[in-house]
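Open the model in your viewer and keep the selection tool ready. The tour below goes stop by stop.

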Amino acid sequence: FSVRVLHPPDSIVEGYAFMHRRRANYGSFQSMWSKTAPPRAANSEATTYELVRRRIARLLDPKTRRATIPGLAVVLIFLGVALPGLFRNAMFTEKYDEVKYHLPAIKHFAAELPHLDLSNYSSATTPLYHILFGLLLRIGCGLTTLHLVNFAISIATVLIVMRYLLRSSSDSQAHCLAYGATLLFATSMYVVGPSIRLTTDNLALGCVVGVLYLLDRVETESGRNFAIAVILSVVAVLTRQLCLWLVPLLGAYALTNTAWDMRRRTIATVAALIPLISVIPLFLLWHGFTNSHFAYKHQLHDSIVNGKALVLAVCILGAFAMVFAPAMVRVLWPDPRGRILLLATFALAAAVLPMLDARAGSYQVPMEGGWLRAMAEHSPVVFHIWSLFWILFPIGCVVIAAMSYRAVTTGREIWMVLGLGLWLLLNIMQTRAMAKYYEPFEIVVVGRFAVMARSGIWNNVPVWMLTAVFVLVDIFRFWFGAPWASPGFPSHL
């Protein structure tokens, strides 16, 4: 055997250096342990008191109050508009959808738990929302409790949109526009309606905006945000299969993230497929995109793309871009080469519009078109197409082209633009052209670009004016069930 001899330092100076290194290592270890170890029992009350004191001081800080009051005002206005409709019995589209589709599906799953038959139920969407609310119904929650839970989900969606737009704002002046855009979103009839009746819309939309919030930033080495984005995508896809466009978005993000090495990119790419993998068994069970009870209503048979849906979605985008026009022009106005692209896009859009089957009267009333279709019906018909569509469709195409040109030339907002393209592609591959599928998301997209501009108070006036109109319509639609506030909706339903 051999004996290892530890030689002492050659000099006193080296000995002091050796002891100093040992003491430094011990001190760093102690510091690391103090950060990760749980607080000692003797100091736990003092630590809790200090955290509470800091939180209260932060809330009382004038800067924090100035930032909190506008957000609180947005939430209170949303509550003031929506809550009365929650406890009234007015008839509107979401009420009809709840009674005919979603509530029977919830009761169906509540009666079958834990043995679920997913092959056929009374909703065209994927079943996660109905299963969760069926579980609540099974454990004794009444209809009012289910409404309140659904309303809490909608409040969370509004807060996520607000946080997303605020983070994208260029400065404190743009924060005002971000709050205005959030209020416009919150008062849209297609957000208020699903918040006070049992529908899947706001849960899926909140998850989608959450994914964009996590991805629409400079790439980071941390995979935590990406993992959360994958989880939110799974929830969104299992709530509404139309959210499958998130899968290629996550995949593109994983493959192009230069902050990750090849191994992490591969793992992230595989993880991006999880939302698709989670819904494939349902597609195999249904032999299609929806269950057999609704397949004929939602799946295209004669073509791949629904031209009416494309026209309506782009027109809605163009309408909201005009509301945010001063800020949008500042952000999206391109260089001379880009202006030629926008001019060519405008001309091409005007030439293509007659080929998309969006003729006057071709939209099914009341399900298709929404308020924009109701307004277009009062505009003159030019070459069998409403003149309002002749104006808004080229504008919407130009806005999409400007967003894409900015993303390509600057490398910014790439994930938002790519997400918009994928979202639009999937939404025009179904038979229905329903405004409620388009308007809330497009408000978020337009607001996301608008808040990047340095804007004054006058730029917010068009947004506030449209918000006031939205609030007025919401009151008559959800409080009193006025027929004029539900365009084309039969009053006898």
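What is the mean pLDDT of the protein chain? The mean is 85, and 82% of the residues reach 70 or more; pLDDT is the predictor's confidence in each residue, from 0 to 100. Over residues 1-20 the pLDDT is below 50, and this stretch has two contacts in the model beyond near neighbours in sequence. A contact means heavy atoms within 4.5 Å.

Two notes before moving on. This is a predicted model, in which local features need pLDDT of at least 70 and side-chain atom pairs count only at pLDDT 80 or more, while totals for chains, interfaces and linings use all residues. Residues are numbered from 1 along each chain as its sequence is written, and side-chain values use heavy atoms, with hydrogens and water left out.

**Whole chain**

Switch to cartoon. The protein chain has 22 helices and two strands. These are DSSP runs numbered from the N terminus: helices are H or I with at least four residues, strands are E with at least two. Of the 493 residues, 49% count as buried. Buried means under 20% relative accessible area, exposed over 50%, and partly exposed in between (1.4 Å probe, protein chains only). Among contacts between residues at least 6 apart in sequence, 78% join residues at least 24 apart.

**Helix H15**

Select residues 307-323, which form helix H15. Its 17 residues should span 24 Å at 1.5 Å a residue, and the end C-alpha atoms are 25 Å apart, which agrees. The expected span is 1.5 Å times one less than the number of residues. In H15, 16 of the 17 residues are buried, so the helix is largely enclosed by the rest of the structure.

**The core**

Select Phe-226, Phe-324 and Phe-389. Of the 145 residues in the largest nonpolar core, these three touch the most other members. H15 gives the most to this core, with 13 residues. Such a core is a set of buried Ala, Val, Leu, Ile, Met, Phe, Trp, Tyr and Cys residues joined through side-chain atoms within 4.5 Å. Zoom in on Phe-226: not counting residues up to four places away in sequence, its partners include Leu-215, Leu-250, Tyr-253 and Trp-260.

**Thr-126**

Go to the loop between helix H4 (93-112) and helix H5 (128-138), where Thr-126 lies. Is Thr-126 buried or exposed? Thr-126 is buried, with a relative accessible area of 0%. Its side chain reaches the backbone oxygen of Leu-238 at 3.0 Å. Leaving aside neighbours within four places in sequence, the contacts of Thr-126 include Val-237, Thr-239, Arg-240 and Trp-286.

**Two long-range pairs**

Select Gly-447 in helix H21 (residues 439-450). Gly-447 counts as buried at 0% relative accessibility. Which residues does Gly-447 touch, not counting those up to four places away in sequence? Leu-165 and Ala-181. The C-alpha atoms of Gly-447 and Ala-181 are separated by 5.8 Å, with the two residues 266 apart along the chain.

Finish at Trp-464 in helix H22 (residues 461-479). Trp-464 counts as partly exposed at 37% relative accessibility. Leaving aside neighbours within four places in sequence, Trp-464 is in contact with Cys-176, Gly-180 and Ile-457.

Key:
A polar contact is a pair of N or O atoms within 3.5 Å; within protein, one must be able to donate a hydrogen and the other to accept it, and residues adjacent in sequence count only if both atoms are side-chain atoms.
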